[in-house]
Amino acid sequence: VKHNKRILFQRMAPYPQRKVITFNRYNADFAFDINYGDLSFLSQEDISVFGSLNLTTVKLSGVGSSFQKHTDAESKGIKAHFNMDESGVLLLDRVESVFETIVERRRESTLTKLGNTISTLFGGGSSEPAPNVTEPVQDEEEVPPESGKD
């Protein structure tokens, strides 16, 4: 098991701050630890006041089921959103699985686009046809040409 350490908030960094960490390699439930960072500037006596250097362990569940629900989409990772408020209190705001679906756009020829634009200009309607809507057909009555009149 390989452990990756990332620094979330630097020492002496101003706050409030927000940070997002993305976990790209996971597609099943997992856990991660939130620890104090480099405390080398403190004496051993000061460090002993902390007790454990581990703040908490976050166990994520539902990761595998989210991947099963979105098999047709590309994973953009699991994003953990952290906030450090004005008092310096760390809060794990939310964790989310992010997926991206690719929607193919229908290509239209230049003449089709021009025709739709002209239709819209004179017709005042939308260039997109309404889905599953049939327009009523009106019967037009033919009028025979009157003889002798132009």
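Student: What pattern does the chain follow, read along the sequence?

Tutor: In this predicted model, the order of elements is β-β-α-β-α-β-β-α. That gives three helices and five strands in the chain.

Student: How many of the residues count as buried?

Tutor: The chain has 150 residues, and 16% of them count as buried. Taking contacts between residues at least 6 apart in sequence, 57% join residues at least 24 apart.

Student: How do I read a pair of aromatic rings?

Tutor: The general idea is that two values describe such a pair: the distance of the centres and the angle of the planes. Here, a search of the whole structure finds eight aromatic pairs. One of them is formed by Phe23 and Phe32, with 4.9 Å centre to centre and 35° between the planes, and it is tilted.

Student: Are Phe23 and Phe32 buried or exposed?

Tutor: Phe23 has a relative accessible area of 10%, so it is buried. Phe32 has 11%, so Phe32 is buried too.

Student: Why is the pair of Phe67 and Phe99 edge-to-face?

Tutor: The planes of Phe67 and Phe99 stand at 75°, with the ring centres 5.1 Å apart, so the pair is edge-to-face. The cut-off behind that name is an angle over 60 degrees. This pair links distant parts of the chain, with Phe67 in helix α2 (residues 63–69) and Phe99 in strand β5 (residues 90–100). The two residues are 32 apart in sequence, and their C-alpha atoms are 8.8 Å apart in space.

Student: Which residues does Phe67 touch, not counting residues up to four places away in sequence?

Tutor: Phe67 touches Tyr26, Asn27, Ser75, Ile78 and Phe99.

Student: Which residues do ring pairs link into a cluster?

Tutor: The cluster holds Phe23, Tyr26, Phe30, Phe32 and Phe82, linked by ring pairs.

Student: Which charged ends sit over rings?

Tutor: There are two cases to look at here. The charged end of Arg6 sits over the ring of Phe23, 5.4 Å from the ring centre. The charged end of Arg11 sits over the ring of Phe41, and there the distance to the centre is 3.6 Å.

Student: What is the volume of the largest pocket, and which residues are closest to its centre?

Tutor: The volume of the largest pocket is about 1,500 Å³. It is lined by 39 residues, and those closest to its centre are Arg6, Ile7, Leu8, Asp33 and Asn35. The elements giving two or more residues to the lining are β1 (17–23), β2 (30–35), β3 (54–60) and β4 (74–84).

Student: Which element gives the most to that lining?

Tutor: That is β2, with five residues. Sorted by class, the lining of the largest pocket has 22 nonpolar, ten polar and seven charged residues.

Student: Where does Asn83 lie, and is it buried or exposed?

Tutor: Asn83 lies in strand β4. Its relative accessibility is 18%, so Asn83 counts as buried. Beyond residues up to four places away in sequence, Asn83 touches Phe9, Gln17, Arg18, Val89, Leu90, Leu91 and Asp93.

Student: Where is Arg94, and what is it in contact with?

Tutor: Arg94 is in strand β5. With 39% relative accessibility, Arg94 counts as partly exposed. Leaving aside neighbours within four places in sequence, Arg94 is in contact with Lys79, Ala80 and His81. Take Ala80 as an example: Arg94 and Ala80 are 14 residues apart along the chain, yet their C-alpha atoms are separated by 6.0 Å.

Student: Which residues does a cis peptide bond join?

Tutor: The cis peptide bond joins Tyr15 and Pro16, with omega about 15°. Pro16 is placed in the segment before β1.

Key:
Residues numbered from 1 in each chain as written. Predicted model: local features only at pLDDT ≥ 70, side-chain atom pairs only at ≥ 80, totals over all residues. Heavy atoms only, no water. 1 Å grid on protein atoms, 1.4 Å probe; cavity = no way out; pocket = protein on both sides within 12 Å on 5 of 7 lines; lining within 4 Å. Points joined across faces, edges and corners; volume = space filled by probe spheres on them. Helix = DSSP H or I, 4+ residues; strand = E, 2+ residues; numbered from the N terminus. Nonpolar A, V, L, I, M, F, W, Y, C, P; charged D, E, K, R; others polar. Phe/Tyr/Trp six-rings, centres within 6.5 Å; stacked < 30°, edge-to-face > 60°. Buried < 20%, exposed > 50% of the residue type's maximum accessible area, 1.4 Å probe, protein only. Lys NZ or Arg CZ within 6 Å of the ring centre and 35° of its normal. Contact = heavy atoms within 4.5 Å.
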